[in-house]
Amino acid sequence: MELFIKRFIDLLDEEIPVSMVHTVIEQPLGAALNDSYVLIHARKDLAAEDSPYVEIEIYPIDYRKARFLFAFTFPKDSIQIDKTKFEEKLKSGKNIKAEKIIPLQNTDEEYYELFAENEWNLPENNAEIDQAIGEILEIIKEWMSSSGYQTNDL
């Protein structure tokens, strides 16, 4: 599982810059066992505060299965298409169903948040692992590009 997560982070960073990775261990006081997960923060454009970003939590379920939780955040200035079209795109996610969408008017800081989760079975050989990671990354890129935000790369 550790190699899968490391490879996932490397491939994600090639597509959407990763700005933070934490391994979180939760162990109640006096407990013999603990739960752990990996928290990843990636922003479409590291230099722009108004660019969309995602926080991903990866929970290993067993050796070949993981649960992914996604929290996509779209600041108001990152939404560069008509707001109704943007909301329709969020609600019609093809590969992952949005669990919860918090629109601009319900927040003080004027941003959209989208929460989703999914479980993936992880293949055993490396070629298939890269293919599985590629499918997950395509879903992330699809959500991240739904606001129409373009980076300011030269």
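Q: How do H1 and H3 lie relative to each other, roughly parallel or oblique?
A: H1 and H3 are oblique to each other. By the cut-offs, angles under 35 degrees are roughly parallel, those over 145 roughly antiparallel, 65 to 115 roughly perpendicular, and the rest oblique. As for the names, helices (H or I, at least four residues) and strands (E, at least two) are DSSP runs, numbered from the N terminus.

Q: What's the actual angle between H1 and H3?
A: H1 and H3 pack at about 45 degrees, and their axes are 10 Å apart. The axes are lines fitted to C-alpha atoms, for helices over the stretch in contact, and angles run from 0 to 180 degrees between N-to-C directions.

Q: Before we go on, what kind of model is this?
A: This is a predicted model, where local features need pLDDT of at least 70 and side-chain atom pairs count only at pLDDT 80 or more, while totals for chains, interfaces and linings use all residues. Residues are numbered from 1 along each chain as its sequence is written, and side-chain values use heavy atoms, with hydrogens and water left out.

Q: Thanks! Is the crossing of H1 and H3 left-handed or right-handed?
A: H1 passes H3 in a right-handed crossing. A crossing is left-handed if the near helix is turned anticlockwise from the far one by less than a right angle, and right-handed if clockwise.

Q: Which residues meet there?
A: From H1, Phe4, Arg7, Phe8, Leu11, Leu12 and Glu15 meet Ile129, Asp130, Ile133, Ile136, Leu137, Ile140 and Lys141 of H3. Contact here means heavy atoms within 4.5 Å.

Q: What else does H3 lie across?
A: H3 lies across E2, E3, E4, E5 and E6, at about 15 degrees to E4. H2 lies across E4, E5 and E6, and runs at about 20 degrees to E6.

Q: On to the sheet, then. In what order do the strands come?
A: The order is E1-E2-E3-E4-E6-E5, six strands in an open sheet with antiparallel pairing. E1 (18–26) and E5 (98–102) stand at the edges with a single partner strand each, so one side of each has no neighbour in the sheet. From one strand to the next, the twist averages 15 degrees.

Q: What counts as a pair of strands?
A: Two strands pair if DSSP finds at least two bridges between them.

Q: Is E4 mostly covered or exposed?
A: E4 is mostly covered, with eight of its eleven residues buried. Buried means under 20% relative accessible area, exposed over 50%, and partly exposed in between (1.4 Å probe, protein chains only).

Q: Now the inside. Which residues touch the most others in the largest nonpolar core?
A: Phe8, Leu12, Ile56, Phe68, Phe70 and Ile140 touch the most other members of this core, which has 37 residues. H3 gives the largest share, eight residues. A nonpolar core is a set of buried Ala, Val, Leu, Ile, Met, Phe, Trp, Tyr and Cys residues joined through side-chain atoms within 4.5 Å.

Q: Last one: is glutamate 88 buried or exposed?
A: Glutamate 88, in helix H2, counts as exposed at 54% relative accessibility.
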